[in-house]
Amino acid sequence: MPLWDWGFAIEILPVLLGGLVTTVEITLLGSVLALVLGLVIAVLRRARIPVLDQLLWAFVEVVRSTPLLVQVFFLFFVLPGFGITLGAFTVGVLALGVHYATYTSEVYRAGIDAVPRGQWEAATALNLPRSRVWTAVILPQAVPRVLPALGNYVISMFKEVPMLLAIGVVELVNAGRQVGSETFRYVEPYTLAGLFFLLLSYPASMLVRRLERNRVGT
Amino acid sequence: MLDNLPTILAVLAEGLPQTVVATVGGIVLTIVLAVVAGLMLLAPQRWVRVLSRIYVEGFRGTSEVVQMFWIYFVLPVLVGYQLVPLWAGVIVLGLNHGAYGAEVVRGAVQSVPRAQYEAAIALGLGPVQRMRRVILPQAVVEALPPMNNLFIQLLKSSAILSLITVEEVTRQARDVLIPAFGQDTLLIFGIVFLIYLLLAALITAGMRFAERVAAARVGRTVGRQRPVLPAGVGGGS
């Protein structure tokens with residue numbers, strides 16, 4: 001039997017593409033959660049509400065310093081004890097989204113800090129309500145400059161979706177694993193899985209790099 | 001609720017050596033690969049740069065879990081030799097983070113001011129001496145803080161070794177403790193989180209020390225302020 005069987009590779013392509021679709025779905029949903037929740041955490045921390053601020057700080061530090069896989073297991077095994085039973089797909093989106101929200105919150109914070117003080121003062125002088133200060137003055141200046149950093153985290157998240165096979169999500173690698181366990185051929189499924197990641201994430205990171213360079217230029 | 005605490009601690013303690021070996025082994029391999037590939041990225045020969053670039057982008061562009069499964073399940077078919085799970089894990093951790101570290105090393109070397117090169121040339125130092133005596137000691141100081149972040153990423157990544165049956169902390173928790181003490185899930189995960197936090201703190205303490213030593217060697221002192229964000233290195237794990 002040859003090391004690489006083209007016929008077999010083509011035959012398993014539909015299964016792998018199905019896994020790829022799931023991977024992309026989880027990445028997109030997880031990204032939405034990470035981008036929104038991260039912004040909420042950043043803005044809340046900016047308000048410096050006692051106790052809440054310390055709680056958020058501790059939360060961000062713990063999540064950033066412990067393994068994502070352990071957090072996935074945490075949600076998967078602990079939530080049912082509180083009467084919340086979610087599917088593996090949902091747990092995956094939740095775990096990735098919350099994990100990356102702690103990273104994006106720091107990115108947003110850096111972006112918010114980079115907005116000149118004069119902008120805050122001008123907004124206060126104009127007597128804008130607090131919500132308008134954020135939505136009309138600060139965020140439109142803070143968010144565009146951190147877009148490349150946010151993009152990098154979305155790409156990182158995409159590459160970490162395979163971890164969810166541990167709770168049974170049939171993403172790309174798990175699809176390959178299932179093919180492998182039925183046919184006892186792992187060379188094609190795992191190699192193709194790796195290629196799929198490269199084909200999507202490499203152009204994406206090129207795009208982010210271009211975005212970065214343009215921003216430095218302006 | 002705390003009745004099972006001694007058992008839980010004992011089971012997790014059994015996994016601790018594996019987590020530590022995987023992390024330390026991964027870090028050693030990361031340092032070697034990062035320095036070699038990082039310097040290759042700066043080589044005057046185009047083919048050397050291309051070779052290193054392929055390694056770096058290949059490992060940064062694919063998923064760590066895929067790399068691990070590939071080395072553990074596919075490589076044996078190709079070369080006819082099956083790696084022990086722990087060593088397959090160390091190799092993946094090293095190869096993956098070495099690729100990120102290569103960019104750190106490249107950036108650090110490039111951040112050494114141009115004048116330092118010129119001064120070294122003016123003093124008549126050859127290329128090797130120039131690197132060893134002038135450029136690298138200064139580059140190391142620059143590289144250590146981002147390397148700290150990278151090593152903590154590596155520690156966190158070591159949890160995926162549980163997926164290829166390495167009996168480290170995460171696998172002990174999931175496969176031994178959760179089935180046995182289903183009512184103590186919060187306690188189990190609380191301790192697991194603490195273990196990783198502690199190990200991360202140890203890495204940071206070690207790296208801070210190394211940074212002070214390296215800075216003192218080139219006659220600098222380390223500032224107290226340091227960005228919390230991983231510099232340029234992808235997030236996650």
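Mentor: A salt bridge here is a side-chain nitrogen of Lys or Arg within 4 Å of a carboxyl oxygen of Asp or Glu. This is a predicted model, in which local features need pLDDT of at least 70 and side-chain atom pairs count only at pLDDT 80 or more, while totals for chains, interfaces and linings use all residues. Residues are numbered from 1 along each chain as its sequence is written, chains are lettered from A and ligands numbered from 1 in the order in which they are written, and side-chain values use heavy atoms, with hydrogens and water left out.

Trainee: How many salt bridges does the rule find across the interface of chain B and chain A?

Mentor: The rule finds one across that interface. Arg209(A) pairs with Glu57(B), and their closest N and O atoms are 3.6 Å apart.

Trainee: Which helices of chain B each supply at least two residues to the side that touches chain A?

Mentor: They are H2 (46-61), H3 (64-79), H6 (127-157), H7 (169-180) and H8 (185-217) of chain B. Helices (H or I, at least four residues) and strands (E, at least two) are DSSP runs, numbered from the N terminus. H3(B) gives the most to that side, with nine residues. By class, the side of chain B that touches chain A has 24 nonpolar, twelve polar and five charged residues. In this scheme Ala, Val, Leu, Ile, Met, Phe, Trp, Tyr, Cys and Pro count as nonpolar, Asp, Glu, Lys and Arg as charged, and the others, Gly among them, as polar.

Trainee: And how many residues are in contact between the chains?

Mentor: 41 residues of chain B are in contact (heavy atoms within 4.5 Å) with 43 residues of chain A. The two chains bury about 3,700 Å² between them, 74% of it on carbon and sulfur atoms. Buried area is the accessible area (1.4 Å probe) that two parts lose on being put together, summed over both.

Trainee: At what angle do the axes of H4(A) and H8(B) cross?

Mentor: The axes of H4(A), residues 68-78, and H8(B) cross at roughly 170 degrees and come within 10 Å. Axes are lines fitted to C-alpha atoms, for helices over the stretch in contact, and angles run from 0 to 180 degrees between N-to-C directions. The two helices are therefore roughly antiparallel (angles over 145 degrees).

Trainee: Which residues of H4(A) and H8(B) meet?

Mentor: On H4(A), they are Val70(A), Gln71(A), Phe73(A), Phe74(A), Phe77(A) and Val78(A). Their partners in H8(B) are Thr185(B), Leu186(B), Phe189(B), Val192(B), Phe193(B) and Tyr196(B). This contact of H4(A) with H8(B) has ten nonpolar, two polar and no charged residues.

Trainee: What about H8(B) inside its own chain: how far apart are the axes of H7(B) and H8(B)?

Mentor: Those axes are 10 Å apart, and the helices pack at an angle of about 170 degrees. H7(B) and H8(B) are therefore roughly antiparallel as well. Residues meeting there include Leu177(B) and Ile178(B) of H7(B), and Ile188(B) and Ile195(B) of H8(B). The contact of H7(B) with H8(B) holds nine nonpolar, two polar and no charged residues.

Trainee: Changing topic, how many helices and strands are there in chain A?

Mentor: Chain A has nine helices and zero strands, and its C-alpha trace spans about 75 × 50 × 25 Å along its principal axes. Chain B comes to eight helices and zero strands, with a C-alpha trace of about 70 × 50 × 25 Å along its principal axes.

Notes
Angles under 35 degrees count as roughly parallel, over 145 as roughly antiparallel, 65 to 115 as roughly perpendicular and the rest as oblique.
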